[in-house]
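Hi there,

Here is the structure I promised to pass on to you.

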Amino acid sequence: MATSLVGLEVVDLLSRITGKKLSQRDLTPPVIFLASLVTVLLGVIFVDGTVAESEKQRLLATLYRFSTPESDVRRLTHLMIKGVKDNQVYRAGEELLSLTASLTESQRLLLMSFGYEMSAADGEMDSCEKKYLEIIAKRLGVNPRHLAVLEATFARTSQFESIALEEVRFLLDPVQFHELDSIFVKAAKDISLALPVKDKTNTEQKTITISYEILKNFQESSKKIDILCSQIYQVIQECQERGFLPNNLILDIADVSKQLKSQNFRIAVVGEFSKGKSTLLNALLGEEIQPAREIPCSGTVTVLKYGREKRVICRYRDGRKEEIPFSEYQQKASISEDAAIGCLSDELAQSEIEEIIFEHPDLELCSSGVEIIDSPGLNEHPERTAITQKLLENTDAIIFLTDVTRSLTQVERDLLQELKVKMNGGKETEVADNIFVVGNFMDLVRTEKGREQVKQRIEKFVLGDKPIVATKNRVHFISAQATLDALKSCSKDEYLNTFQDFTHSLEEFLTMERGDLKVKRAIDEINSLLQQCFNGLNRAEDTLEGKLKLSELEKQSIIDQIGEASGRDVKVQLIVANLKSEVFNQAVESWKEWYEGLVERMMAKSERWYSEHSPVWSQDKLIRDYTNSFIHDLSVEIDEWGNKQLKGEILQQSIDILNTTIEYELDAIQTQFQNIDIQANASFSDRLKLSLHGISDDFMGFGGVGGGVGIGGALAAGLIIFTGVGFIAVIIASVAAAIASSFGLGMFDIDGLHDQIKIKVLETGFEKLSDDESIDKIVEKIEEIIDTIFDSKAESVSRIISEAISLYENLLEQQDRVHEITLEELEASKNWIVSKRQELEQVREGIRAVITPD
């Protein structure tokens, strides 16, 4: 809708119709369309000079489709009926032209569709009504050929052109009406379904699929490396059973193998409702798995992954798991149509389902090592912050989907900025290389000029002065539905080609910029373990040959030092426990000080809250927008406290103390074992030194290394959802109840109403934030974060010390065993060690062949 064409004469007209003093801000697209619809429908029933009771009932039945009883929209509808009738707007051609000047071609045709539908409700059209509609259509510039299709649809005539039918289908495609309201989208869908069906010849055609060869090749390489890991595991196990290698090595190689086996890529698909996310996923998968329709559809986070058999698992908020039949999947994964066209946030907030996991053996993308996380639309979701946090957990890439037929909304721009920062580990100034911005519905942009314009508009924001992504290969323009149609019909076209360009870029990113790093890390660990195996076998061989022989005094010294190392481990654990307690107390006090100024800061931020919704038309959406703004600003405040106060000051100081302690204790262990090496003329502590190196650098990995959301983000997300129904849903419900009891449609002090709603959102939000349950959750979350960070450090120290102890225990075992075997057994053992060394050499050559193929 061209809202720039809404002039003062339209403001004046609607003020007269409603009897209220309105401003241009109040004339949203739904308000203008509803006023136009009331005018046309009243013209239909008044054209013959008489109005039967049945016509009144048909009028109300048609208009009541767009509102619920006792709603502001229902009351506004009655005001408009009375105002249009009293002012006889349906007779004044110029006023109707002014009112409809901003409507798009599709919206004008939809307007006429409702007129024809009501006129032909009894099976045939009155000649006067038909003439009136034709005159109005001519004034609105509606093509007569399109009117013939409408008449054929509702009056059951057969005189229309097939090409005109296709044009009407395109113009009445529900995706054309998202700027009105979801309830109009539903009505447009009903009109579309009523259109005559074009004859089709049923032919069996083999479908084509998107091929993911790059990902397949990468997975094959990973499998080859994992097979080599299995061979190393087998050698280590055999050596350990004979006492030639310490037992920690088998655990280390098992960890590497586990990482390789679980080395799937995770892609999250993010966007507002009704941007085509489900259709995009179906195109990526080559099968209609996800429920898709024109009104908001996906209602929960869904994870699609490879499985040996097709199955669906529901995970509920209370911790329960349930496997459900595939036939129930789409129902569970979607929201009801009533909620989609009504109070969407209520159903989303009340849903018991936390996540649905869909496993399938035959989806090519998933079998190529990719897990896809499908999110519900985040613009109206009452738990957006928590869901965003969940989506970013170990996510390799984000596909952000937007509608090219509409400008990027402010919510979309804010969400993109938020994702950029979070995917960069909190760095606001750096671009994100792991976000793909994808413009959907390119097939609805009919001209080449229009396509260039929508591309420039999106690229200007995404690649402009404050870029979200670095390069153009992170921005793509597609039609998910046209791609899906091409796959079904086994026909290649421009939409399939552009979609394949997008998937190719995604594959290259996952394999070359994410996968190669993961594989390199795994190979580095494998090579390190191989070297440890070689060193261990060499030491075992030296022991068998008598080159390494410990005296009883030296053995006792090792036993003493093992006990000393265990004691130092206990000492570190005690220090960690004390520091956790101190940090927790400091954090709670810091939180209280920060909270004292929070109300004032949030009041100041509320002055910048914005919503495109008017209290006159959709008060519930206005409340939801302001509530989301409250949550966003609160999240930013919590994020800042978490990163600056908790992490930057309190935690950092204590971590520095802990690192100094750890460094001292580990250096002491290192020195003590080095003294034993000097006495025994050996070099076992070289292995120990490598294990100790670098531990003090790995202490702030909360939320992921090099990415994720950091301490502040994790804290913010964890504190937003305080109860089973969700923090945001509580605010929305409370504010809506308060507004309903104190304001109402009769209050047209628009700015005053906006301010009062903001104040009520702030009051309700802080009331919820400061109750006992929320305070308990805050304390619990802070304690959880502190425990996670310190326990991670403590576990690392214990692991390193345990490896050192294992190394020297193995040495003692070898020393005792060498005195118990015969000369013949000794030679056999030496030969056996040589053979195992050769097997490990073959593995090393195999790894080189995988990473440097011919």
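**Notes on the predicted model**

Glu459 is found in helix H20, residues 448-462; helices here are DSSP runs of H or I with at least four residues, strands are runs of E with at least two, and both are numbered from the N terminus. Before going further, a word on conventions: this is a predicted model, in which local features need pLDDT of at least 70 and side-chain atom pairs count only at pLDDT 80 or more, while totals for chains, interfaces and linings use all residues. Residues are numbered from 1 along each chain as its sequence is written, and side-chain values use heavy atoms, with hydrogens and water left out.

Back to Glu459: its relative accessible area is 18%, so the residue is buried (buried means under 20% relative accessible area, exposed over 50%, partly exposed in between, with a 1.4 Å probe and protein chains only). Setting aside residues up to four places away in sequence, Glu459 touches Gly464, Lys472, Val475 and Phe477, where contact means heavy atoms within 4.5 Å.

**The chain as a whole**

The chain has 31 helices and nine strands. Of its 854 residues, 54% count as buried. Among contacts between residues at least 6 apart in sequence, 81% join residues at least 24 apart.

**The sheet**

Nine strands form an open sheet with mixed pairing, in the order E4-E3-E5-E2-E6-E1-E7-E8-E9; two strands pair if DSSP finds at least two bridges between them. Strand E4 (321-324) and strand E9 (475-477) stand at the edges with a single partner strand each, so one side of each has no neighbour in the sheet. On average, neighbouring strands of this sheet are turned by 20° against each other, direction ignored. For angles, axes are lines fitted to C-alpha atoms, for helices over the stretch in contact, and the values run from 0 to 180 degrees between N-to-C directions. Helix H19 (residues 410-423) packs on the sheet, touching strand E1 (265-271), strand E7 (397-403) and strand E8 (435-440), and its direction makes about 170° with that of E7.

Some of the pairings in detail:

- Strand E2 (residues 301-306) and strand E6 (residues 370-374) run antiparallel and are joined by three bridges; Val303 has Ile373 in E6 as its bridge partner.
- Six bridges pair strand E3 (residues 311-316) with strand E5 (residues 353-360) in the antiparallel sense, and the partner of Val312 in E5 is Phe358.
- E3 also pairs with E4 in the antiparallel sense, over four bridges, with Glu322 in E4 as the bridge partner of Cys314. The hairpin of E3 and E4 has four residues between the strands, and Gly319 takes a positive phi near 95° there.

**Cores and cysteines**

A nonpolar core here is a set of buried Ala, Val, Leu, Ile, Met, Phe, Trp, Tyr and Cys residues joined through side-chain atoms within 4.5 Å. The largest one has 95 residues, and those with the most contacts inside it are Leu14, Leu27, Leu42, Met80, Met112 and Ile435. Helix H2 (residues 29-46) gives the largest share of this core, 13 residues. Beyond its neighbours within four places in sequence, Met80 is in contact with Leu14, Ile17, Thr18, Val31, Leu34, Ala35 and Val38. A second, separate core of 75 residues includes Leu280, Cys366, Val438 and Val818.

Cys366 counts as buried, at 2% relative accessibility, whereas Cys128 counts as partly exposed, at 38%. With a disulfide taken as a pair of cysteine sulfur atoms within 2.5 Å, the count comes to zero.

**Helix H3**

Which residues of helix H3 (residues 53-63) are buried? They are Glu55, Arg58, Leu59, Thr62 and Leu63. These residues cover an arc of only 125° around the axis, which puts them on the same side of H3; the arc is that of the directions from the helix axis to the C-beta atoms. Their cover includes H2, helix H4 (72-87), helix H6 (105-119) and helix H7 (127-140).

**Two positive phi values to look at**

Gln88 is found in the loop between H4 and helix H5 (93-100). Its phi is near 50°, a positive value in a residue other than glycine, and Gln88 is partly exposed, with a relative accessible area of 38%. Phe441 is in the loop between E8 and H20 and has a positive phi near 70°, again in a residue other than glycine. At 11% relative accessibility, Phe441 counts as buried.
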